[in-house]
Structure formats: structure tokens, C-alpha cells
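User: I would like to learn how to read the local features of a model like this one, taking them one at a time. Could you begin with the backbone and then move on to the side chains?

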Amino acid sequence: MRKIEHIGIAVADLEEANKLYEKLLGVAPYKQERVESENVMTSFFRTGPNKIELVAGEGEDAISKFIEKRGEGIHHIAFDVPDIKLEMQRLKEEGFRLLSEEPKKGADNKWVCFIHPKSANGVLIELCQEIRD
Ligand code: ZN
């Protein structure tokens with residue numbers, strides 16, 4: 001894994017959270033995007049070399065369930081990987097539980113795969129690889 005690609009924060013109201021993070025970070029989100037595969041809305045902020053992703057659910061989705069159970073807060077840590085399939089294979093062999101067999105199309109032009117928090121000390125880990133055409 002090359003670096004932390006972004007930190008994902010679960011929020012109940014994306015518009016309100018956008019305003020708050022814009023005040024906090026001093027920049028507006030550079031992108032807002034719906035992720036079909038997860039049924040969520042996201043927005044992205046850049047702070048220097050780092051990225052923050054705000055994620056809000058739309059009812060029947062993992063984010064809404066997360067907020068119901070644990071409240072708003074840090075939801076996942078995403079790592080940038082050069083070859084997601086290779087990394088998925090490696091982690092599977094190491095005994096990690098992946099949440100999908102194949103990479104899915106995630107937000108911000110990425111292939112993504114999540115690792116179950118139970119196999120990573122309670123932290124949801126996201127692998128992401130830039131989609132190139
Ligand atoms: Zn993410």
C-alpha cells in the first residue's frame with residue numbers, strides 16, 4: 001500500500017456537513033458524487049496532500065446503519081494501492097475478510113474493495129486504485 005488515500009467520515013446531513021467542513025478546512029469540496037454501488041452520496045475535500053471524504057446514506061445502506069448504531073464519525077481509512085486485485089489476493093491469503101470478491105466502482109474515479117472491520121481491529125479499511133482508461 002502506497003499511502004492513506006483518504007479518510008471517510010459518516011455524516012447524517014451532507015449539505016450541513018459540507019458547510020461545516022468548508023469552515024473547518026478553509027476550502028470548498030472539489031467534488032460531490034453519488035456512488036451507485038453503495039447507495040450513498042459523497043463529497044471530497046483536499047487539504048494539502050490529503051483528502052477527506054464525507055459520506056451520507058440515503059436510507060437502506062451501510063452508512064445509515066453505521067450512524068444508527070454508532071453515530072456520526074470516522075467511518076473508514078482508505079489506502080491507495082497500485083494493483084487492487086493483487087492486494088485483495090494478498091490480504092485474503094493473510095486471512096483478512098474482504099467485503100466483495102471483485103473490486104467495485106467507488107467514488108472519485110476509483111476501484112475499491114473494503115475489508116471487514118472485524119479483521120482489522122474494528123476499523124473498516126478501503127483499498128482504492130485509480131481507474132485508468
Ligand atoms: Zn472512501
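Predicted model: local features only at pLDDT ≥ 70, side-chain atom pairs only at ≥ 80, totals over all residues.

User: Which residue has a positive phi of about 65 degrees although it is not a glycine?

Analyst: That residue is Asn39, which is found in the loop between strand S2 (31-35) and strand S3 (40-47) and, at 33% relative accessibility, counts as partly exposed. Asn121 also has a positive phi, of about 55 degrees, although it is not a glycine; Asn121 is found in the loop between S7 and strand S8 (124-130) and is exposed, with a relative accessible area of 80%.

User: Turning to the metal site, which protein donors does the zinc ion have, and how far from it do they lie?

Analyst: The donors are His6 through NE2, Glu53 through OE, His76 through NE2 and Glu126 through OE, lying 2.0 to 2.1 Å from the zinc ion. Along the chain, these donors follow the spacing H-x46-E-x22-H-x49-E. His6 lies in strand S1 (residues 3-10) and Glu53 in strand S4, so this pair ties together parts that are 47 residues apart in sequence.

User: Why is the arrangement of the donor atoms around the zinc ion called irregular?

Analyst: The idea is to look at the angles between donors as well as at their distances. A tetrahedral label would need all angles to lie between 85 and 135 degrees, but the four donor atoms here subtend angles of 87 to 175 degrees, which makes the arrangement irregular.

User: Is Glu53 buried or exposed?

Analyst: Glu53, which lies in strand S4 (residues 50-57), is buried, with a relative accessible area of 6%, and His6 is likewise buried, with a relative accessible area of 4%. Although buried, Glu53 has no salt bridge, and the nearest side chain of opposite charge, Lys51, is 8.1 Å away. A polar contact of 2.9 Å does join the side chains of Glu53 and His76. Setting aside residues up to four places away in sequence, Glu53 touches a set of residues that includes His6, His76 and Glu126, as well as Ile7, Phe44 and Ala107.

User: How should I read salt bridges, and how many are there in this model?

Analyst: Side chains of opposite charge can pair when their charged atoms come close. With a limit of 4 Å between a side-chain nitrogen of Lys or Arg and a carboxyl oxygen of Asp or Glu, the count comes to 14 salt bridges. One of them is formed by Asp108 with Lys51, the closest N and O atoms being 2.8 Å apart. Asp108 lies in the loop between strand S6 (104-105) and S7, whereas Lys51 lies in strand S4, so the pair ties together parts that are 57 residues apart in sequence. Both Asp108 and Lys51 are buried.

User: What can you say about the salt bridge in which Glu102 and Lys85 meet?

Analyst: Their side chains meet with an N to O distance of 3.5 Å. Glu102 lies in the loop between helix H3 (84-93) and S6, and Lys85 in helix H3, so the pair ties together parts that are 17 residues apart in sequence. In terms of accessibility, Glu102 is partly exposed, with a relative accessible area of 48%, and Lys85 is exposed, with a relative accessible area of 52%.

User: Which residues are linked in a network of salt bridges?

Analyst: The network links Glu5, Lys31, Glu33, Lys51, Asp108, Lys110 and Glu130. Within it, Lys31 forms a salt bridge with Glu33, the closest N and O atoms being 3.8 Å apart; Lys31 is partly exposed, with a relative accessible area of 27%, and Glu33, at 22% relative accessibility, also counts as partly exposed. Lys110, found in strand S7 (residues 110-115), counts as buried at 5% relative accessibility, and its side chain makes a polar contact of 3.0 Å with the side chain of Glu130. Leaving aside neighbours within four places in sequence, the residues in contact with Lys110 include Glu5, Lys51 and Glu130, together with Cys128 and Ile131.

How values were computed. Residues numbered from 1 in each chain as written. Heavy atoms only, no water. Helix = DSSP H or I, 4+ residues; strand = E, 2+ residues; numbered from the N terminus. Buried < 20%, exposed > 50% of the residue type's maximum accessible area, 1.4 Å probe, protein only. Lys, Arg positive; Asp, Glu negative; His and termini not counted. Polar contact = N/O pair within 3.5 Å; in protein donor to acceptor, adjacent residues only side chain to side chain. Contact = heavy atoms within 4.5 Å. Donors = N, O, S within 2.8 Å, 3.2 Å for Na, K, Ca; no water. Tetrahedral: all angles 85-135°; square planar, octahedral: opposite > 155°, others 65-115°.
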